[in-house]
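Hi,

Here is the structure I promised to pass on to you.

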Amino acid sequence: MAMIRTLSEALTGTSVDLAPGAKVLEVADLELSFGGTQAIDGVSFDVDRGELFAIIGPNGAGKTSIFNCLSGVYRPQAGTISYLGDDLLGHRPHAVAERGIARMFQNIELFDNLTVLDNLMLGRHLHLDYSTFSAIVYHGRAKQRELTNRRIVEDIIDFLEIEAFRKFPGGMLPYGVKKRVELGRALAMEPKLLLLDEPVAGMNVEETEDMARFILDIRAELDLTMILVEHDMGLVMDLADRILAVDFGRPLALGTPREVQGDPAVIAAYLGETDEDAAPLDAAAGPAADQTSL
Amino acid sequence: MTSRTATSTPASSPSTPTVPPTGSSAKTSSRLRRGRPELYTDYAADMAMFNTPAKRLWTGLLLVGLLILPFYLDRSWTSLFITVFIFAIGAIGLNLVSGYAGQVSLGHAFFIGLGAFTAAYFGGTDPNFLGLGLDMAIWLPMAGIVPAIVGWAVAPLASRVRGLYLAIVTLGLLFVGGHFFNEFTSLTGGPNLGRTAAPPVLFGVDFSSAGPLLGIEMTARQRIYFLTLVFVIVAAVLARNLTRSKVGRAFAAVRDRDIAAEVMGVPLARTKQSAFAISSFYAGICGGLISLTSGGRLDPINFAGAEGLFLSVTFLAMVLIGGPATISGSLMGAAFVVFLPRFVETVAHYVPAIGSSGLFSVQQLENILFGVFIVAFLILEPRGLFGLWLRVRNYWKAYPFSY
Ligand SMILES: Nc1ncnc2c1ncn2[C@@H]1O[C@H](COP(=O)(O)OP(=O)(O)OP(=O)(O)O)[C@@H](O)[C@H]1O
Ligand SMILES: [Mg+2]
């Protein structure tokens, strides 16, 4: 019987050693276009160790495209991405994952035919250091590694409160649980940088509050650096240390929530989009209490 | 779809790290409760291959049945079972690459042929053809290794394309390979002529002649039956190990969502390459043994061109009918495909519309039924015979409740 461990006891590889003043991520002058559409147009930002950095912007602003460049799914035409002093450009996604970048997807990308357990174990793929030959024999090293990693996965299951779904196939889960499992799968990778693409999109108030709580707990326990893309302004204003606002691929503003919130270019971008006043940009009292989606 | 799996999962979901209320009686009481939710006290028990008493019971019964069967079967039925065992090895291989890793291959017959002639090369004793006359302990592993290497080498071509294009590329492999088989007559004997295969002499024991096996006097056929039974069991257990490991999960991830898989750290090209290599290994072992179903002769025509394509499709049928991405399904699928012609023949005796004077010939009906079953399974039960078995099992688990 395994003892229930805290997340920080289970996931020890998320801490980052950095020289003072050094950044976890530095993105400069990123450019990405698809034929005629300029998805990213000169975006630059950097992320500090342990920071929760948010990227906001109207639909089609290029937020997901930035994530896709970071994780190696898209290859930007120009710009640089430096992660822990290492040039990320030109690496395949699996090589980016090996460097410790994990991600949640905007449109859920769970493996529908694998159980929750297997989805999470897949997150441990890079930590399962045994050979294919050992896998075929399934003795000694393979068995032992599967077991220790299963224990870590169980700790994540406890943390996310999804015990009841352990053996459900990913495709059969309720929407909110799918999002949690995706978060768990990304956590299982034991990343040094976590990218969250609209973690509360389509969720009700209660689910949103749960997700906010998980994000805060992850921060508190793991001191994990995170980038959050989200339309839920209440959530962003509450959680983020700094915010980058983009529109049509171009950076509009970069600063603390208060600074970005008051930025005329940001207000204009949202006004143009929603035909409403800028009220939703006001931070709400409790976490994610403001459900207004932009 | 939803309701089907949903009925099975709640039963097993509260399982894992729960402490059983009455520690030592957990095992016995779960048996009394007819395989009702298991209470595992450690993860290893949950992760074991046969993790429920029901699975252990069924597997045990099946095994005992298979062990006594050849003493009650006539020659032709014993032969049929031998064919099932050998084909099942090939079906497992195709299921690994197509069912698990999602890479549809029509080139399976090429790898089976390659295994067959590799075996003939290393084990062949016929002075008219190339052959080293080595023991089965050497020629059988080689029959797997050589196709695995070739599979590994051609996989980078195949892993660039997917779906229909992959099917075409692997079809091309089948035709190129078939040409090679037909032309390389010093090894293969040439089309329609063929050559003698490697004799099944394992550690000096000739399994193609009658004699004692583990102290029991047996006919040659019974000895081959047990030999191939051991091989298929080993093949199935190893494949099951692979599929429950990180490799199997990576295969499924690549099949379901390749970009997400890569973002999780699964290298696409290398994973597909492993799938092709391992699948080709199984195909090669199946090929090395396949002459045991055809009187010890090999004819390259069976693995080349249209015949080869038919063989590939037959294996795809085993995977689809048995159940993609299940090892036990591969075994069921092989049994189904091998027994179907015998079943049709038997029926033909009683139904006047079938047979030489009737509406269809036996062969035609067989082909029609083949097609009908594939389509029916694809539409009605995509999980194949294995899926049907799950339904029956879940029905009895929940009995007398419907849900
Ligand atoms: N693979 C692609 N091919 C062509 N165009 C693309 C592709 N991916 C993104 N785009 C385009 O790039 C622009 C930015 O898209 P992106 O998905 O990054 O926006 P987003 O900010 O994430 O929007 P949302 O809030 O709706 O998720 C859009 O105009 C989109 O149509
Ligand atoms: Mg997006």
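This is a predicted model: local features need pLDDT of at least 70, side-chain atom pairs count only at pLDDT 80 or more; totals for chains, interfaces and linings use all residues.

Residues are numbered from 1 along each chain as its sequence is written, chains are lettered from A and ligands numbered from 1 in the order in which they are written, and side-chain values use heavy atoms, with hydrogens and water left out.

Within chain A

Eight residues of domain 1 of chain A are in contact (heavy atoms within 4.5 Å) with eight residues of domain 2 of chain A. About 660 Å² is buried between these two domains of chain A, with carbon and sulfur atoms giving 67% of that area. Buried area here is the accessible area (1.4 Å probe) that two parts lose on being put together, summed over both.

The rule finds one salt bridge across this domain interface of chain A; a salt bridge is a side-chain nitrogen of Lys or Arg within 4 Å of a carboxyl oxygen of Asp or Glu. Glu161(A) and Arg213(A) form a salt bridge through their side chains, at 3.4 Å from N to O. On the side of domain 1 of chain A that touches domain 2 of chain A, α3 (93–98) and α8 (205–222) of chain A each supply at least two residues. Helices are DSSP runs (H or I, at least four residues), numbered from the N terminus. The largest share of that side of domain 1, four residues, comes from α8(A).

Between the chains

The contact between the chains takes 43 residues from chain A and 41 residues from chain B. Chain B and chain A bury about 3900 Å² between them, 65% of which comes from carbon and sulfur atoms. Five salt bridges are found across the interface of chain B and chain A. Asp112(A) and Arg257(B) meet in a salt bridge, with 3.8 Å from N to O. Among the elements giving two or more residues to the side of chain B that touches chain A are α1 (2–12) and α11 (246–256) of chain B. α11(B) gives the most to that side of chain B, with eight residues.

Best wishes
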